[in-house]
Amino acid sequence: MADLPESLVELARRYGVATEYEDWTGRSITVPETTLIGVLDALGVPAATENLRAAALTDHDRQYWASALPPVIVGRSGSTSSFWVHVTHGDPVRLWTRLEDGSVRTGLRQLENNRAPYDLDGRLIGEASFELPADLPVGYHELHLQLGTSDISTPIIVSPASLMPPPGRTWGLATQLYSVRSQNSWGIGDLTDLTDLAVWSATKHGAGFVLVNPLHAAAPTAPMEPSPYLPTSRRFVNPIYLRVEAIPEFAYVRHRGHIRKAREHVQARAQKSRLIDRDAAWKVKRAALKAVYRVKRSAGRELAYEAYRERQGASLDEFATWCALTEKYGADWHEWPEELRHPASPAVAEFAAKHAEAVDFHRWLQWQLDDQLTTAQATSVAAGMGLGIMHDLAVGVDPNGADAWALQDVLALGVTAGAPPDEFNQLGQDWSQPPWRPDELANRAYAPFRALVNSLLRHAGGVRIDHIIGLFRLWWIPKGAPPTEGTYVRYDHEAMIGIVALEAHRAGAVVVGEDLGTVEPWVRDYLSERGLFGTSILWFEFDRDGDGGPLHAERWREYCLSSVTTHDLPPTPGYLAGEHVRLRDELGLLTRPAEEELAADRRQQESWLDELRRVGLLSGDLDEAGVDQVVRALYQYLGRTPSRLLALSLADAVGDLRTQNQPGTSDEYPNWRVPLAGPNGKKMLLEAVFTDPRAAALAEVMLRAVNPPV
């Protein structure tokens with residue numbers, strides 16, 4: 001810290017940029033000056049010289065004092081909270097609150113504030129503090145300030161103090177939907193397959209939810225991005241997951257035989273292909289969807305479509321316009337004609353008017369997805385699931401995609417989000433995604449984030465938030481720098497988590513935060529206090545404060561989604577064979593010799609086998625017991641924990657071996673393109689899962705884990 005200019009440290013502090021941090025080994029690291037300058041620049045704050053920093057500090061003061069009210073006020077139900085008001089020094093302050101239901105509250109209590117007035121261009125500005133009462137209902141309200149004849153307002157967000165957890169314990173399948181193909185899908189798993197998987201697991205094995213990979217939209221052009229965690233938009237859904245025949249208008253398509261033949265062709269091609277071919281599947285499916293789109297809708301269906309468009313508003317129009325622009329100019333909006341690079345440009349409106357049918361087609365696709373997602377959730381609950389579909393929210397979006405184009409004023413485009421080095425990814429990670437700007441989110445009362453969470457929970461009984469730590473602080477990496485030369489930027493977690501809790505409360509949904517990796521200890525306590533579940537992966541659960549061995553089952557967290565593995569590791573049979581070490585060595589991702597890594601991995605696995613033997617779930621070693629018995633014992637061990645939610649990987653259920661994703665790679669490994677297969681490597685259709693003895697046996701293990709026989 002002594003090497004950093006004092007003005008730079010102060011400027012970073014004001015914008016929530018860390019100047020030092022503790023790494024995964026416990027060492028204190030000072031952030032390089034170049035990193036701080038790059039991150040501040042992405043926040044619109046020039047900081048390369050002493051003069052620029054002095055000017056930025058002055059501007060920060062002036063912006064604060066020139067604002068009559070904060071851009072947003074955040075509170076919790078049942079607790080008071082305070083906010084400031086700026087008026088000409090000595091002027092009276094008249095405040096009232098208009099609640100979401102239209103009623104008005106007056107009489108806010110003033111608090112003591114002895115801060116000296118500020119000279120703003122010769123006008124003294126005074127600051128007063130007031131208290132939001134504890135009895136405000138949850139919801140989105142407005143605070144009003146009367147200044148002479150002017151009425152100034154700012155939003156109030158009141159979130160529930162804590163979410164109510166679902167009753168009892170339950171288990172669910174965790175699946176990568178694209179990998180789960182059925183006899184009637186189009187070369188890739190779809191929403192009808194998801195519905196059928198939910199019905200099977202609920203009716204036959206008492207499952208309470210299905211956790212599915214992010215279904216976020218990808219660009220509609222080839223090559224389609226395979227990673228569900230690098231979407232073009234998180235607000236909208238990838239139409240590749242549509243089941244064409246489930247659309248009501250399909251019944252009225254002429255020459256349906258041509259569509260049937262097209263599906264059979266793409267299915268035959270998928271059966272022969274070693275990997276999932278999204279481009280081939282989408283090309284055929286898009287043509288079929290276009291034929292259905294051209295069918296005249298009934299009066300009732302037309303009304304439903306109009307209602308959907310009205311509900312989605314300008315965001316849907318922008319997304320659909322971006323899709324149409326992409327089909328003409330390519331998937332990177334930075335390379336479009338300059339006049340089309342911002343959604344508010346008149347040229348964009350002209351394009352949308354000129355290509356009205358192309359734009360409307362993409363609006364219509366999202367309507368169909370809304371319909372089929374609604375059906376999936378309703379059918380899951382009707383089949384007996386307590387939660388139904390649990391969706392997954394990715395950390396960010398493609399910097400060249402629809403959200404980055406539509407929300408470019410709220411995203412930091414000069415940096416990328418990622419993760420610092422940790423035990424498993426010792427070189428750090430660069431996710432190539434632009435992070436939210438915390439200042440601009442606040443200036444917009446978090447409206448883009450609120451819309452995102454609301455849309456995700458519309459069809460869900462639960463949501464898993466990938467890297468939920470990013471709602472507290474996120475690792476920002478200046479463009480051109482390696483992941484090791486980033487720093488943390490803080491967000492207003494009270495606002496971000498509060499919005500998640502409010503939207504989940506209204507949807508009656510459970511929230512699971514993926515809180516793995518480098519996590520400040522207080523964060524997990526905070527999430528638990530707010531009623532959000534954490535995540536536990538068996539292979540990562542060790543007693544850090546004791547002997548370093550496996551954390552005994554009774555000490556696991558109760559309010560947690562616990563599983564044996566995750567999509568960033570091989571399925572458990574592959575993990576037991578050391579596949580994760582072999583693959584990382586092959587791809588050059590290890591920071592120590594493979595022999596050392598394998599030896600350390602064997603010690604870790606042996607410690608877990610010892611734990612299984614200690615509690616009586618296993619006898620003998622891996623060779624004696626066999627892989628299937630060890631996998632079974634590991635899932636039985638989850639039942640010994642107090643965790644309320646347990647997840648069974650569908651890949652584990654069928655004995656698959658190959659990992660879906662290897663962090664730190666893109667094209668070096670076929671990430672997110674591996675079809676579901678059995679232990680012999682032969683691809684499995686969904687119908688085979690329903691009759692697979694191994695899957696049935698593990699599903700019954702899970703059912704007994706959450707509902708043990710008396």
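Gln433 touches Tyr229, Leu230, Val395, Gly396, Val397, Val415, Thr416 and Ala417, leaving aside residues up to four places away in sequence; contact means heavy atoms within 4.5 Å. The model is predicted: local features need pLDDT of at least 70, side-chain atom pairs count only at pLDDT 80 or more, and totals for chains, interfaces and linings use all residues. Residues are numbered from 1 along each chain as its sequence is written, and side-chain values use heavy atoms, without hydrogens and water.

Gln433 lies in strand E18 (residues 429-433). Strands (E, at least two residues) and helices (H or I, at least four) are DSSP runs, numbered from the N terminus. Gln433 is buried, at 3% relative accessible area; buried means under 20% (1.4 Å probe, protein chains only). Its side chain reaches the backbone nitrogen of Gly396 at 3.3 Å.

Eight strands form an open parallel sheet, in the order E22-E19-E16-E13-E12-E25-E24-E23. Strands pair if DSSP finds at least two bridges between them. Strands E22 (510-513) and E23 (534-537) stand at the edges with a single partner strand each, so one side of each lacks a neighbour in the sheet. The twist averages 25 degrees from one strand to the next. Four bridges join E19 (residues 462-465) to E22. Gly462 has Val510 as its bridge partner in E22.

Helix H4 (residues 191-205) packs on the sheet and touches E12 (170-175), E13 (209-212) and E16 (388-393). The direction of H4 makes about 150 degrees with that of E12. Axes are lines fitted to C-alpha atoms, for helices over the stretch in contact; angles run from 0 to 180 degrees between N-to-C directions. Helix H22 (residues 693-706) also packs on the sheet, touching E12 and E25 (645-649), at about 175 degrees to E25.

Technical notes
Buried means under 20% relative accessible area, exposed over 50%, partly exposed in between (1.4 Å probe, protein chains only). A polar contact is a pair of N or O atoms within 3.5 Å; within protein, one must be able to donate a hydrogen and the other to accept it, and residues adjacent in sequence count only if both atoms are side-chain atoms.
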